[in-house]
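User: Hey, can you walk me through this structure? I'd like to start with how the strands are put together.
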Amino acid sequence: MIDYQITEYISSYQQHVAHLQRLLWQGGMNGNASYLHWKYFQNPYLDHRYITLAWYEGELVGMIGAFGACWETEGGERMMMPCLSDT
């Protein structure tokens, strides 16, 4: 049986996430850390930021996040919704 640990994101995990996402985001460690901060914590469309992490033997092996997105209908109505990303 594989034993994963599931945690929420805390700021001390920033470098782990930047390393995990190196192939998806391709900004290097500093660029990825900046992108993480911009996408999830400077985003004006959601009051709560959700990032869930999966760890195996102390190594970060997975992530899913939900950031705020502003959707607009053809009639001009705006809706703020969470958008799942970065799996």
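Analyst: Two strands pair if DSSP finds at least two bridges between them. Strands (E, at least two residues) and helices (H or I, at least four) are DSSP runs, numbered from the N terminus. This is a predicted model: local features need pLDDT of at least 70, side-chain atom pairs count only at pLDDT 80 or more, and totals for chains, interfaces and linings use all residues. Residues are numbered from 1 along each chain as its sequence is written, and side-chain values use heavy atoms, leaving out hydrogens and water.

User: OK, how many bridges join β2 to β3?
Analyst: Seven, and the two strands run antiparallel. Tyrosine 56 stands opposite glutamate 59 of β3. The two strands make a hairpin with two residues between them, and glutamate 57 in that turn has a positive phi of about 50 degrees.

User: And how do β3 and β4 pair?
Analyst: In the antiparallel sense, over eight bridges. Alanine 69 has methionine 81 in β4 as its bridge partner. This hairpin has five residues between the strands, and glycine 76 takes a positive phi near 95 degrees.

User: Switching to helix α3: which residues are buried?
Analyst: Asn32, Ala33, Leu36, Lys39 and Tyr40. Buried means under 20% relative accessible area, exposed over 50%, and partly exposed in between (1.4 Å probe, protein chains only). Seen down the axis of α3, the buried residues fall within an arc of 140 degrees, so they line one face of the helix. That arc is taken from the directions from the helix axis to the C-beta atoms.

User: What's on the face turned away from the buried side of α3?
Analyst: The exposed residues Asn30 and Trp38 are carried there.

User: What covers the buried residues of α3?
Analyst: The cover includes α1 (14–20), α2 (22–25), β2 (50–56), β3 (59–72) and β4. Contact here means heavy atoms within 4.5 Å.

User: Now serine 85, where does that lie?
Analyst: In strand β4, residues 78–85. Serine 85 counts as buried because its relative accessibility is 15%. Leaving aside neighbours within four places in sequence, serine 85 is in contact with Lys39, Tyr40, Ile64, Gly65 and Phe67.

User: Last one, histidine 16: which residues is it in contact with, leaving aside neighbours within four places in sequence?
Analyst: Trp55 and Leu60. Histidine 16 is found in helix α1 and is partly exposed, with a relative accessible area of 36%. Histidine 16 and leucine 53 are 37 residues apart in sequence and 9.9 Å apart in space, C-alpha to C-alpha.
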